[in-house]
Amino acid sequence: MNEVVKQLMAHRSIRAFEAKQLDDQTIRVLVEAAQQASTSSFVQAYSIIGVTDPEIKKALRDISTQHYVEHNGHLFVFVADYKRHQLLAERAGQSVADYIGETENFIVGTVDASLAAQNMAVAAESMGLGICYIGSLRNDMARVIELLGLPDYTYPLFGLVVGYPSEEGSNKERLPFEHVYHENRYSTDDYLSQIDHYDARIADYYRERTNGRRSDKWSSQMMAKFSHTIREDVDAVVKQQGFLKQ
Ligand SMILES: Cc1cc2nc3c(=O)[nH]c(=O)nc-3n(C[C@H](O)[C@H](O)[C@H](O)COP(=O)(O)O)c2cc1C
């Protein structure tokens, strides 16, 4: 394994940080590394908001309910963003609103922002920093939009906290290769038995990490997740912002 692959394989989310802020140069390097990710049709349909105002950070922590949203080296919020495209069109007297709102562009914006974020995550880890994505900002998407002053033709996707780790974290084993990688045609052969095997390994992981207090299986976590609806407001907020209108 080369050094890049070794680093990718060593990834673990970090949820406790020293009280040391990232300096401006580090923030710039991280954002520029994010920007260099591939981008669909060169559209660059995202923006990144760095949150330094303690009051806004506290409000975002309250939305997420996770302390590390407030206590970290820097908080980035990734926003899918077609505002610049809409303003360009407006200046040119071209109406693009209907086109920007198409589902295809919703996917493009979401993918573009996610690729940029993952570039930033990998860059940060290569610098010895720890990271954790913060999807829980979508607990109240409308309030995030208000707090960050996001205009129409944008929607916030997730935060990324970055900082100097004050915990080691632990490397979580993923689904087996055979389960995730299919050749030529998709197949569910052996799917459930592969998951049973994986469940046993994940239960061991939690048992070891919690001195036996937890022994969750991956499948029970997933069944719990898909036993109720969550964030039902997201659909209306995204539509309000100009997307998925059809
Ligand atoms: C888009 C996205 C949103 C996430 N949101 C949260 C979050 O709100 N809070 C949190 O603690 N972890 C969050 N995570 C981290 C995942 O829980 C974590 O990546 C997963 O459990 C695998 O663990 P690992 O990153 O340590 O390998 C998120 C990850 C992604 C990709």
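Predicted model: local features only at pLDDT ≥ 70, side-chain atom pairs only at ≥ 80, totals over all residues.
Local features are reported at pLDDT of at least 70 and side-chain atom pairs at pLDDT 80 or more, whereas totals for chains, interfaces and linings use all residues. Residues are numbered from 1 along each chain as its sequence is written.

The protein chain is assigned domain 1 (3-169 + 229-240) and domain 2 (177-215), with bounds taken from an automatic or database domain assignment. A distance of 29 Å separates the C-alpha centres of domain 1 and domain 2.

An open sheet is formed by four strands in the order S1-S2-S4-S3, with antiparallel pairing. Strands (E, at least two residues) and helices (H or I, at least four residues) are DSSP runs numbered from the N terminus, and two strands pair if DSSP finds at least two bridges between them. Strand S1 (46-51) and S3 are the edge strands, each pairing on one side only. From one strand to the next, the twist averages 25°. Strand S2 (residues 74-81) and strand S4 (residues 154-163) are joined by eight bridges; Val 79 has Pro 156 in S4 as its bridge partner.

The shell around the ligand contains 13 residues, of which Arg 12, Ser 13, Tyr 133, Gly 135 and Ser 136 come nearest; a residue is near a molecule if its C-beta atom, placed from the backbone, lies within 6 Å of it. Strand S3 (residues 130-134) gives the most to this shell, namely three residues.

Key:
Axes fitted to C-alpha atoms, helices over the stretch in contact; angles between N-to-C directions.
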